[in-house]
Amino acid sequence: MDRTAERPGDAVNLFAAGSLKAALGELAAMVEARDGIPVTAVFAPSGLLKARLLRSGEGGLFASANMAHPRALADAGRATAVRPFARNQLCVIAQPEMDVTADTLLDRLLDPALRLGTSTPQADPAGDYAWDVFRKAEALRPGSFAALDAKALRLTGGPDSERTPEGRTPYGWLMERRKADLFLTYRTNARLAALEIPGLRIVALPAAMAVGADYGLAVLNGTGRARAEALAQSILSPAGKAILEHHGFAVP
């Protein structure tokens, strides 16, 4: 008997960026209720998931906060072609007492007295995008990149980052504990943090420093490909797009 044969009730693995937890958690519940197919979800930094999936040979669906990590899996023969499905924007979360606007943001980011939180580059695309912001700051004010690179506190998204308590968002939890004065992250993360901790402020990046994040998904080679493709189609469907938009993402 072929133990790898797909059965309608088998679970499908979903490996997804942590910033997608609220949106794809809701979508997974919809798929389970509608189609009767359980979704086993793992939410973690996309770079760490990519490294795991390159090693493990696990099947399922990979939904990344960038296009590069699923493309790396496709190039390695571990996944199918990559499809864009959502877009995010970088912004800054500020403590309630911070006097900062888009116009004064670069000055405040460079203020040596203020602590700047970021995610961890390479492990987490949110960190990579933060360093893209630093490069744009360098074009506006020479010396900014070195200053921001040196002061940035890599507080989330790394293999050794503090574990967020169950039921909390990493950014709300860190800002509540005063681990940073300003935190550079996705707009969707900022929205959740502001809902969790009243008074936190969300500051848009000025146009010259704006950085967007393109999210991509790919079906992994291995068992469960048909179920993973069905889950991908649910994400790309009008219902899936509506869920993503409800959580603050833009969709293709």
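# Close-up views of a predicted model

Tyrosine 186 and tyrosine 215 are both buried.

**View 1. Phe85, Tyr129, Tyr186, Tyr215 and Phe249 are joined into a cluster by ring pairs.** Over the whole structure, a search finds six aromatic pairs. One of them is formed by phenylalanine 85 and tyrosine 215, whose ring centres are 6.1 Å apart and whose planes stand at 90°, an edge-to-face arrangement. Phenylalanine 85 belongs to strand β4 (residues 83-94) and tyrosine 215 to strand β9 (residues 212-220), so this pair ties together parts of the chain that are 130 residues apart in sequence. The relative accessible area of phenylalanine 85 is 1%, so this residue counts as buried. For tyrosine 215 the value is 0%, and this residue is buried as well.

**View 2. Tyrosine 186 and tyrosine 215 form a tilted ring pair.** Their ring centres lie 5.9 Å apart and the planes meet at 55°, so the pair is classed as tilted. Tyrosine 186 is part of strand β7 (residues 182-186), while tyrosine 215 is in strand β9, so the pair ties together parts that are 29 residues apart in sequence. Tyrosine 215 also takes part in the edge-to-face pair with phenylalanine 85.

**View 3. Arginine 177 places its charged end over the ring of tryptophan 173.** The distance from the charged end of arginine 177 to the centre of the tryptophan 173 ring is 4.0 Å. Arginine 178 is found in the loop between α7 (170-176) and β7. The phi angle of arginine 178 is near 60°, which is a positive value in a residue other than glycine. Arginine 178 has a relative accessibility of 38% and therefore counts as partly exposed.

**View 4. Helix α2 (residues 46-56) packs with helix α3 (residues 68-75).** Two packed helices are described by the angle between their axes and by the distance between those axes. For α2 and α3 the angle is about 10° and the axes are 9 Å apart. Angles under 35 degrees count as roughly parallel, so α2 and α3 are roughly parallel to each other. On the α2 side the residues that meet α3 are Ser46, Gly47, Lys50, Leu53 and Leu54. On the α3 side they are His69, Ala72 and Leu73. Sorted by class, this contact of α2 with α3 has four nonpolar residues, three polar ones and one charged one.

**View 5. Helix α9 (residues 225-236) packs with helix α10 (residues 238-246).** The angle between α9 and α10 is about 60°, and their axes are 4 Å apart. The angle makes α9 oblique to α10. From α9, the contact involves Ser234, Ile235 and Leu236. From α10, Pro238, Gly240, Lys241 and Leu244 take part. The residues in this contact of α9 with α10 divide into four nonpolar, two polar and one charged.

**View 6. Helix α8 (residues 187-196) has buried residues at Thr188, Asn189, Ala190 and Ala193.**

**View 7. Proline 112 lies in the loop between α4 (105-110) and β5 (116-119).** With a relative accessibility of 77%, proline 112 counts as exposed. Proline 112 and glycine 212 are 100 residues apart in sequence, and their C-alpha atoms are 26 Å apart in space. Aspartate 107 is in helix α4. The relative accessible area of aspartate 107 is 42%, so this residue is partly exposed. Aspartate 107 and serine 144 are 37 residues apart along the chain, with their C-alpha atoms separated by 9.9 Å.

**View 8. Glutamine 122 is in the loop between β5 and α5 (125-140).** The phi angle of glutamine 122 is near 75°, a positive value in a residue other than glycine. Glutamine 122 has a relative accessible area of 67% and is therefore exposed.

Definitions and conventions:
Residues are numbered from 1 along each chain as its sequence is written. This is a predicted model: local features need pLDDT of at least 70, side-chain atom pairs count only at pLDDT 80 or more; totals for chains, interfaces and linings use all residues. Side-chain values use heavy atoms; hydrogens and water are left out. Axes are lines fitted to C-alpha atoms, for helices over the stretch in contact, and angles run from 0 to 180 degrees between N-to-C directions. Helices (H or I, at least four residues) and strands (E, at least two) are DSSP runs, numbered from the N terminus. Angles under 35 degrees count as roughly parallel, over 145 as roughly antiparallel, 65 to 115 as roughly perpendicular and the rest as oblique. Contact means heavy atoms within 4.5 Å. Ala, Val, Leu, Ile, Met, Phe, Trp, Tyr, Cys and Pro count as nonpolar, Asp, Glu, Lys and Arg as charged, and the others, Gly among them, as polar. Rings of Phe, Tyr and Trp (its six-membered ring) pair if their centres lie within 6.5 Å; planes under 30 degrees apart count as stacked, over 60 as edge-to-face and the rest as tilted. Buried means under 20% relative accessible area, exposed over 50%, partly exposed in between (1.4 Å probe, protein chains only). A charge sits over a ring if NZ of Lys or CZ of Arg is within 6 Å of the ring centre and within 35 degrees of the ring normal.
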